[in-house]
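Subject: Handing over a structure, with notes

Dear colleague,

Please look through it once before reading on.

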Amino acid sequence: MLECYGIYCAWIRSDGGGDGMDKIKQAQINGFLQAFALLNLHTNHGYTFEWNELEYHDDILTAFTYSFNLEGDKNLGEVRLIPLDDWKAKLEKTCDDWFFEIGYPYHQFDSSLKFDPKHCINGFITLLSDFFEGNLMVYKVECQPNFWYEAIWDDYIFYSNKRLFLLHFGVSD
């Protein structure tokens with residue numbers, strides 16, 4: 001059966017099984033990220049904003065490392081997971097940097113397109129908050145890979161109910 005929620009539609013099993021709402025919420029988050037990645041796109045800059053579930057491991061660092069499928073002598077260097085007490089405030093600043101400051105300046109006075117940054121950022125943070133039930137831990141990831149990852153990036157890991165998600169912002173030129 002096809003169920004629609006606003007502009008988002010998904011096929012849901014008629015027996016009520018599966019995680020249809022979960023997939024819809026993930027699609028909303030990735031759709032939001034994709035829209036802002038495309039708005040920032042310009043010559044010689046490729047933006048990647050993604051929300052991906054990681055394979056679960058009891059050790060969060062292991063889960064992050066496995067997501068890279070490293071081969072040969074490639075390694076992430078020292079990886080630090082910094083727990084965030086106020087993840088919403090930290091992410092608000094990160095989103096402001098990636099959504100509005102790195103790419104084309106939509107919020108400047110001479111632009112023909114205008115966005116309310118606070119409204120966009122708060123909407124995104126609400127999507128993330130609404131995705132999780134129960135306890136949520138958020139970590140800022142810091143690493144220095146010995147291979148080309150991207151020119152600039154910010155990574156966050158969200159952990160709740162034995163599920164791990166990677167929020168990735170990056171740009172390559």
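What follows is an account of what was found, going from the whole chain to single residues.

Please keep in mind throughout that this is a predicted model. The protein chain holds four helices and seven strands, and from the N terminus on these elements follow one another in the order β-β-α-β-α-β-α-α-β-β-β. Of the 173 residues in the protein chain, 38% are buried, while the accessible surface comes to about 10200 Å², with 52% of that surface belonging to carbon and sulfur atoms. Among the contacts between residues at least 6 apart in sequence, 62% join residues that are at least 24 apart.

In soluble globular proteins, nonpolar side chains tend to be buried together. Here the largest nonpolar core has 29 residues, and the members that touch the most other members are Trp 51, Leu 91, Phe 99, Phe 124, Phe 158 and Leu 167. The elements that give two or more residues to this core are α1, β3 (46-54), α3, α4 (117-131), β6 and β7 (163-172). A second, separate core of 14 residues includes Val 79, Tyr 149, Ile 157 and Leu 164. To return to Phe 124, this residue is in contact, leaving aside its neighbours within four places in sequence, with Ile 29, Phe 32, Leu 33, Leu 91, Cys 95, Phe 99 and Leu 167.

Aromatic rings deserve a paragraph of their own, as a search of the whole structure finds 22 aromatic pairs. In one of them, the rings of Phe 32 and Phe 99 have their centres 5.9 Å apart and their planes at 45°, so this pair is tilted. Because Phe 32 lies in helix α1 (residues 20-39) and Phe 99 in helix α3 (residues 87-101), the pair ties together parts that are 67 residues apart in sequence. Both Phe 32 and Phe 99 are buried. Another pair, formed by Trp 87 and Phe 158, is edge-to-face, with 5.4 Å from centre to centre and 80° between the planes. Since Trp 87 lies in helix α3 and Phe 158 in strand β6 (residues 152-160), this pair ties together parts that are 71 residues apart in sequence, and both of these residues are buried. One aromatic cluster is formed by Phe 32, Phe 36, Tyr 47, Phe 49, Trp 98, Phe 99, Phe 124 and Phe 169.

Ala 37 is found in helix α1 and counts as buried, at 4% relative accessibility. Ala 37 and Val 171 are 134 residues apart in sequence, with 9.2 Å between their C-alpha atoms in space.

Finally, please look at Lys 140, which lies in strand β5 (residues 137-142). With a relative accessible area of 10%, Lys 140 falls under the 20% cut-off and is therefore buried. The side chain of Lys 140 makes a polar contact with the side chain of Asp 154 (2.9 Å), and the charged end of Lys 140 sits over the ring of Tyr 156, 5.2 Å from its centre. Not counting residues up to four places away in sequence, the residues that Lys 140 touches include Arg 80, Leu 81, Ile 82 and Lys 90.

With best wishes

Technical notes
Residues numbered from 1 in each chain as written. Predicted model: local features only at pLDDT ≥ 70, side-chain atom pairs only at ≥ 80, totals over all residues. Heavy atoms only, no water. Buried < 20%, exposed > 50% of the residue type's maximum accessible area, 1.4 Å probe, protein only. Polar contact = N/O pair within 3.5 Å; in protein donor to acceptor, adjacent residues only side chain to side chain. Contact = heavy atoms within 4.5 Å. Phe/Tyr/Trp six-rings, centres within 6.5 Å; stacked < 30°, edge-to-face > 60°. Lys NZ or Arg CZ within 6 Å of the ring centre and 35° of its normal. Core = buried A, V, L, I, M, F, W, Y, C linked by side-chain atoms within 4.5 Å. Areas by Shrake-Rupley, 256 points an atom, 1.4 Å probe, with all protein chains shown as cover.
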